Amino acid sequence: MTNPSLLILAGDGIGPEVMTEVRKVIAWLGDKRDLTFDVTEDLVGGAAYDVHGTPLADETLEKAQAADAVLLGAVGGPKYDTLDFSVKPERGLLKLRKEMDLFANLRPAQCFDALADFSSLKRDVVAGLDVMIVRELTSGIYFGEPRGITTEGNERVGINTQRYTESEIDRVARSAFELARRRDNKVCSMEKANVMESGILWREVVQEVHDKDYPDVELSHMYADAGAMQLVRAPKQFDVIVTDNLFGDLLSDAAAMLTGSLGMLPSASLGAPMENGRPKALYEPVHGSAPDIAGEGKANPCACILSLAMALRYSFDEGDEATRIETAVEKVLADGVRTADLMQSGDGTPATTSEMGDAVIAALEASL
Ligand code: IPM
Ligand code: MG
């Protein structure tokens, strides 16, 4: 039996720092849980641009396609702001999503009890919150054609196209219903069917998939603006939310903040099953490259560590080990170990990135 393979793309900004802590957890799993991965490393984003002149080299994409799972840190930074659009760090990430056809982006927004007071909302509104946003990730306005900036008469026109095929809606709806069955069995689908034809089709196809194959799941539909409002009014009414690429981008940032810190949230981007039965998969923290604190040891590694936990659950069928990591992170927070993003002024000295990682390892040890 060969070990499962993991491609690490640490990327830019705080990406490399948080990934250093993830490597500690990977090493621990090998030492103590007999769970060894064949790890390879490569460049993505600005780090890849600096070396190859492109944010994703062809050979890196090939490695990603061949890996059992990809773990990504973050991409982007002010240094690259003035680059041409086609070689910006973000294009590396978008190309990975598109080429690997990672159509279902799972973004859990879970409120750890120890952090409920960090939410911008009142504790009782968010305590115990556990919402899963399923964002369509490979189509919609992010990729639709025509696109570009042209000239009409004497002024410039910026154009992007929202476009969804039935099969694109069908497959992401199925992912949402399947997930709901393993949770509270509720799906809320969000679009703007009141103003967009693509929204009308979205609503119809989600309903058809439901009626045909998932009648046991409770399904509701909401306009995305009303959904945003409900998400901050009473977020606990939701179990699984399924929505398109752009609305999912916005709604998942809003949902993330409900939980107290962007520094805590992992994500999984899943595609169709490969020959070995595992889905094509990329795991990454929801937070970005945070250039303002990069290199200072201030970043919270939890979102990236929890992304590894999602990889164990969704790619490697190691749900128990995923839960072990999640419980360890929860214990560290409950014990009061906090990086700066999880502290209020006057709270004392924050833990560094590496101290936080060490605390997670200590909690993992204690779990044996
Ligand atoms: C996200 C990010 C990306 C997106 C950027 C970095 C391209 O905001 O993953 O949510 O817009 O999808
Ligand atoms: Mg985003």
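## Packed helices, cores and loops

Reader: Let's start with helices H11 and H12: at roughly what angle do their axes cross?

Author: Helix H11 runs over residues 319–334 and helix H12 over residues 353–366 (helices, H or I with at least four residues, and strands, E with at least two, are DSSP runs numbered from the N terminus). The two axes (lines fitted to C-alpha atoms, for helices over the stretch in contact, with angles from 0 to 180 degrees between N-to-C directions) come within 8 Å, and they cross at roughly 120°.

Reader: How is H11 then placed relative to H12?

Author: The name follows from the angle: under 35 degrees counts as roughly parallel, over 145 as roughly antiparallel, 65 to 115 as roughly perpendicular and the rest as oblique. With a crossing of roughly 120°, H11 is therefore, relative to H12, oblique.

Reader: Which residues of H12 make the contact with H11?

Author: A contact means heavy atoms within 4.5 Å. On the H11 side you can look for Arg324, Ile325, Ala328, Val329, Lys331, Val332 and Leu333. Across from them, the residues of H12 are Met356, Ala359, Val360, Ala363 and Leu364.

Reader: Before we go on, what kind of model is this?

Author: Residues are numbered from 1 along each chain as its sequence is written, while chains are lettered from A and ligands numbered from 1 in the order in which they are written. Side-chain values use heavy atoms, leaving out hydrogens and water; local features need pLDDT of at least 70, side-chain atom pairs count only at pLDDT 80 or more, totals for chains, interfaces and linings use all residues, and the model is predicted.

Reader: How do H1 and H10 cross, and is H1 parallel or oblique to H10?

Author: Helix H1 spans residues 15–33, and its axis comes within 8 Å of that of H10. The axes cross at roughly 40°. That angle is why H1, relative to H10, is oblique.

Reader: Which residues of H10 does H1 meet?

Author: H1 brings Val18, Met19, Glu21, Val22, Val25, Ile26 and Leu29 to this meeting. Their partners in H10 are Cys304, Ile305, Leu308 and Leu312.

Reader: And how do H1 and H12 lie, parallel or antiparallel?

Author: Their axes are 9 Å apart, and the helices pack at an angle of about 20°. Residues of H1 in the contact include Val18, Glu21 and Trp28, and those of H12 include Gly357, Ile361 and Leu364. Given that angle, H1 and H12 are therefore roughly parallel.

Reader: What does methionine 264 touch?

Author: Methionine 264 is among the residues with the most contacts inside the largest core. Leaving aside residues up to four places away in sequence, methionine 264 touches Phe112, Leu115, Asn300, Cys302, Ala303, Leu306, Val329, Leu333 and Leu342.

Reader: Is glycine 248 buried or exposed?

Author: Glycine 248 sits in helix H9, residues 245–258, and touches Arg135 and Thr243, not counting residues up to four places away in sequence. Buried means under 20% relative accessible area, exposed over 50%, and partly exposed in between (1.4 Å probe, protein chains only). Because its relative accessibility is 0%, glycine 248 counts as buried.

Reader: What is phi of aspartate 101?

Author: Aspartate 101 lies in the loop between H4 and strand S4 (104–110). At 32% relative accessibility, aspartate 101 counts as partly exposed. Its phi is positive, in a residue other than glycine, and is near 55°.

Reader: And what is phi of alanine 290?

Author: Alanine 290 is found in the loop between strand S12 (279–285) and H10. With 24% relative accessibility, alanine 290 counts as partly exposed. Here too a residue other than glycine has a positive phi, near 40°.

Reader: Which residues does the cis peptide bond join?

Author: Look at strand S6, residues 144–152, where proline 146 lies. Omega is about 0° for the cis peptide bond, which joins glutamate 145 and proline 146.

Notes:
A nonpolar core is a set of buried Ala, Val, Leu, Ile, Met, Phe, Trp, Tyr and Cys residues joined through side-chain atoms within 4.5 Å.
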